[in-house]
Amino acid sequence: MILRCGRFELALDRPRVMGVLNVTPDSFSDGGRFLEMDAALEHARRMIEEGADIIDIGAESTRPGATPTSESDEMRRIVPLLERLAGAGAPVSVDTRKPAVMRAAIAAGASMINDVAALRAPGALETLASATKPVAVCLMHMRGEPASMQQRVAYTDVVAEVRGFLAERAGACEAAGIAHERIVVDPGFGFGKTVAHNLVLLRELAQIVALGYPVLVGLSRKSTIGTITGREVGERVAGSLGAALAAVARGAKLVRVHDVRETVDALKVWNAVETAALGRAERG
Ligand code: HH2
């Protein structure tokens, strides 16, 4: 399985790490830390050195209750950064729901669009379908809008509903001409879901994997980890690693994380176990 990511091609023979770079004043775990260009660049470069396979830049917080960011603010935060990261050697993804931002990001060198609204905004699907470069797209499931998504959360069958939604969105992409190898799907942990919904979705992740698209999971430092461990946001690395390993064991191919170094190490160990084989000396 490969993921076509603009001029990059990512082999998904082992799980890959997407490092989060939030250039926002209000993200739940790192808001305000990387608003300055130099701090953002340094953090992106550090994550690449630590082994991140993709850098995901977000300029609008989607935490529960977040206020929307204007199109011009998103572009002002993202485009100059993308231009500076063009030669960084790793694909850069842009986390946005707005078609105009998608177009500007692709023109400025983005290799992937990560859309928590799964290209449902008018014009978003067409933007990706008509892109002159084969940028990848991550289609995420979200119930409602960030401002209100944690109010009155109810599903009849959360796994079936998320799976059905992702199948429909991925099908719409392919029908519009976006190649299968450009598509990633994501159950959207924490987006209109309770802790119990998140845990059942993670336990049953193989049902989403069975759709046949690479699955990305984003559980890093989220409140589900906090609820289970009783830890504050800055103390959730170990809990997040537990979630990442549970996800890759069920077939996730990409994990979106804040703590790249620790995740890369954990996945190296997991992968070594998965691919373990005896050499001639050990076989005797
Ligand atoms: N989670 C967040 C943002 N974007 N994209 C995908 N595909 N999957 C996710 O789970 C996901 C996402 C929320 O986390 P973060 O970016 O750290 O915080 P904030 O939204 O407050 O900026």
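Helices here are DSSP runs of H or I with at least four residues, strands are runs of E with at least two, and both are numbered from the N terminus. With that settled, I looked up Arg221, which is in the loop between β9 (216–217) and α8.

**Ground rules**

I am working on a predicted model, where local features need pLDDT of at least 70, side-chain atom pairs count only at pLDDT 80 or more, and totals for chains, interfaces and linings use all residues. Residues are numbered from 1 along each chain as its sequence is written, and side-chain values use heavy atoms, with hydrogens and water left out.

**Positive phi**

Back to Arg221: its phi is near 60°, a positive value in a residue other than glycine. I checked burial next (buried is under 20% relative accessible area, exposed over 50%, partly exposed in between, with a 1.4 Å probe and protein chains only). Arg221 has a relative accessible area of 13%, so I put it down as buried.

Ala118 is not a glycine, yet I read a positive phi of about 55° there. I found Ala118 in the loop between β6 (112–115) and α4 (124–129). Its relative accessibility is 0%, so Ala118 is buried.

I went to the start of the chain next. β1 (residues 2–5) and β2 (residues 8–11) pair in the antiparallel sense over 4 bridges; for a pairing, DSSP has to find at least two bridges between the strands. Ile2 has Ala11 of β2 as its bridge partner. The hairpin has 2 residues between the strands, and Gly6 takes a positive phi near 60°.

**The largest pocket**

A cavity is a set of points where a 1.4 Å probe fits but cannot get out, a pocket is an open set with protein on both sides within 12 Å along at least five of seven lines, and lining residues have an atom within 4 Å of a point. Points are joined across faces, edges and corners, and a volume is the space filled by probe spheres set on them.

The largest pocket has a volume of about 500 Å³. I get 33 residues in its lining, with Phe28, Arg63, Pro64, Phe191 and Lys222 nearest the centre. β3 (16–22), α6 (195–203) and α8 (223–229) are the elements that give two or more residues to this lining. By class, the lining of the largest pocket has 11 nonpolar, 14 polar and 8 charged residues. (Ala, Val, Leu, Ile, Met, Phe, Trp, Tyr, Cys and Pro count as nonpolar, Asp, Glu, Lys and Arg as charged, and the others, Gly among them, as polar.)

**Cavities**

I count 2 cavities of 30 Å³ or more. The largest cavity has a volume of about 50 Å³, and its lining includes Val217, Leu219, Ser220 and Arg256. α9 (237–249) and β10 (254–257) each supply at least two residues of that lining. I sorted the lining of the largest cavity into 6 nonpolar, 2 polar and 1 charged.

The second largest cavity holds about 30 Å³ of space. Glu60, Thr62, Asp95, Thr96, Arg97 and Val116 line it, which I class as 1 nonpolar, 2 polar and 3 charged.

**Helix α6**

Next I looked at α6, where His197, Asn198, Leu201 and Leu202 are buried. Seen down the axis, the buried residues of α6 fall within an arc of 130°, so they line one face of the helix; the arc is that of the directions from the helix axis to the C-beta atoms. On the face turned away from the buried side I noted the exposed residues Ala196 and Arg203. The cover over the buried residues of α6 includes α5 (158–175), α7 (205–209), α8 and α9.

Leaving aside neighbours within four places in sequence, I find Val215 in contact (heavy atoms within 4.5 Å) with residues including Val185, Leu205, Ile208 and Leu254.

Gly234 is in the loop between α8 and α9, and at 58% relative accessible area I logged Gly234 as exposed.

Terms used
1 Å grid on protein atoms, 1.4 Å probe; cavity = no way out; pocket = protein on both sides within 12 Å on 5 of 7 lines; lining within 4 Å.
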